[in-house]
There are 2 protein chains.
Amino acid sequence: MPYIHDDTEECKDCHMIADVTENELIDLAELFKIFGDSTRIKILFDLFHGEKNVSQICEDLEMNQSAISHQLKILRTSKLVGARRDGKSIYYSLADEHVRMIIEMGKEHIEE
Amino acid sequence: MPYIHDDTEECKDCHMIADVTENELIDLAELFKIFGDSTRIKILFDLFHGEKNVSQICEDLEMNQSAISHQLKILRTSKLVGARRDGKSIYYSLADEHVRMIIEMGKEHIEE
DNA sequence: TCAACATATGATAATATATTCATATGAACG
DNA sequence: CGTTCATATGAATATATTATCATATGTTGA
């Protein structure tokens, strides 16, 4: 695979983005996969408005609590959202500005 | 679903990105889903270097032609790549700069 | 401590997705 | 026109993913 290298050595054949290894590409696909589900993207979008607890997210998306929790776990594991406990509730929020930017970027693409 | 509206009317409850409808979010997830497969992202990445025909892509990714063609069809349908025929070969290329930017954005997120 | 509430988790079933194999289409050229 | 090369496509299988149901964990306050 000429342009996808096993390590991060300088590539003799190409000069653009030869520093991307196969594993990095797999990670990248993994990241986009997280955004590629409508429930998860609705959750992320819901969190654009600030932090929310699980019950609020369930109400907003009109979905059952278990489904939401399962997806929140995936988002947490991928470090796309953060969580903090306050009493019985757990509040979720977007992890960083990248999340916002990636979504905005996709939005722009679609809106054309 | 307070923050996800069925139409694009002005929202009374929120002021940020209330112009996103549920269908737009589904489209957005659909777009990210395309990037969320390692074969497709390798193809897109391969095309960063300029247009290539199917055989070249197969060689670069070390994958069989049918698998590549199936994924190219998905990329074509989603308008992420363009295709032109030259004799017996069909040359594929990235459709626009957004594709490049979305990938770069994800790459940045990962590299942190 | 126990009941009530909020959230997480495991198992299951339904659905979606990717790859492979076999074959079809389509172009070039003798 | 028939063969060869390049690509596309359909069917089948294997695998991954999601939502649901039932239940577990953890927190609060009586």
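Mentor: Gladly. Let us begin with A:Glu97, which has 49% relative accessibility and counts as partly exposed. Before we go on, this is a predicted model, where local features need pLDDT of at least 70 and side-chain atom pairs count only at pLDDT 80 or more, while totals for chains, interfaces and linings use all residues. Residues are numbered from 1 along each chain as its sequence is written, chains are lettered from A and ligands numbered from 1 in the order in which they are written, and side-chain values use heavy atoms, with hydrogens and water left out.

Trainee: Why is A:Glu97 called partly exposed?

Mentor: Buried means under 20% relative accessible area, exposed means over 50%, and partly exposed is in between, with a 1.4 Å probe and protein chains only. A:Glu97 is at 49%, so the label is partly exposed. A:Arg100, at 22%, counts as partly exposed too.

Trainee: What makes A:Glu97 and A:Arg100 a salt bridge?

Mentor: A salt bridge needs a side-chain nitrogen of Lys or Arg within 4 Å of a carboxyl oxygen of Asp or Glu. Here the closest N and O atoms are 3.3 Å apart. Both residues lie in helix α5 (residues 97-110) of chain A, three residues apart, about one turn of the helix. Helices (H or I, at least four residues) and strands (E, at least two) are DSSP runs, numbered from the N terminus.

Trainee: Why does the pair A:Glu51 and A:Arg84 tie together separate parts?

Mentor: Their closest N and O atoms are 2.6 Å apart, which makes a salt bridge. A:Glu51 lies in the loop between α2 and β1 (52-53) of chain A and A:Arg84 in strand β2 (residues 81-86), so the pair joins parts 33 residues apart in sequence.

Trainee: Which chains does the salt bridge of B:Lys42 and A:Glu22 link?

Mentor: The closest N and O atoms of B:Lys42 and A:Glu22 are 2.4 Å apart. The pair crosses from helix α2 (residues 38-47) of chain B to helix α1 (residues 22-35) of chain A. B:Lys42 has 9% relative accessibility, so this residue counts as buried. A:Glu22, at 22%, counts as partly exposed.

Trainee: How do you know that B:Gln71 is buried?

Mentor: Its relative accessible area is 17%, so B:Gln71 is buried. The place of B:Gln71 is in helix α4 (residues 65-77) of chain B.

Trainee: What makes the pair B:Gln71 and B:Arg40 a polar contact?

Mentor: A polar contact is a pair of N or O atoms within 3.5 Å; within protein, one must be able to donate a hydrogen and the other to accept it, and residues adjacent in sequence count only if both atoms are side-chain atoms. The side chains of B:Gln71 and B:Arg40 are joined at 2.7 Å.
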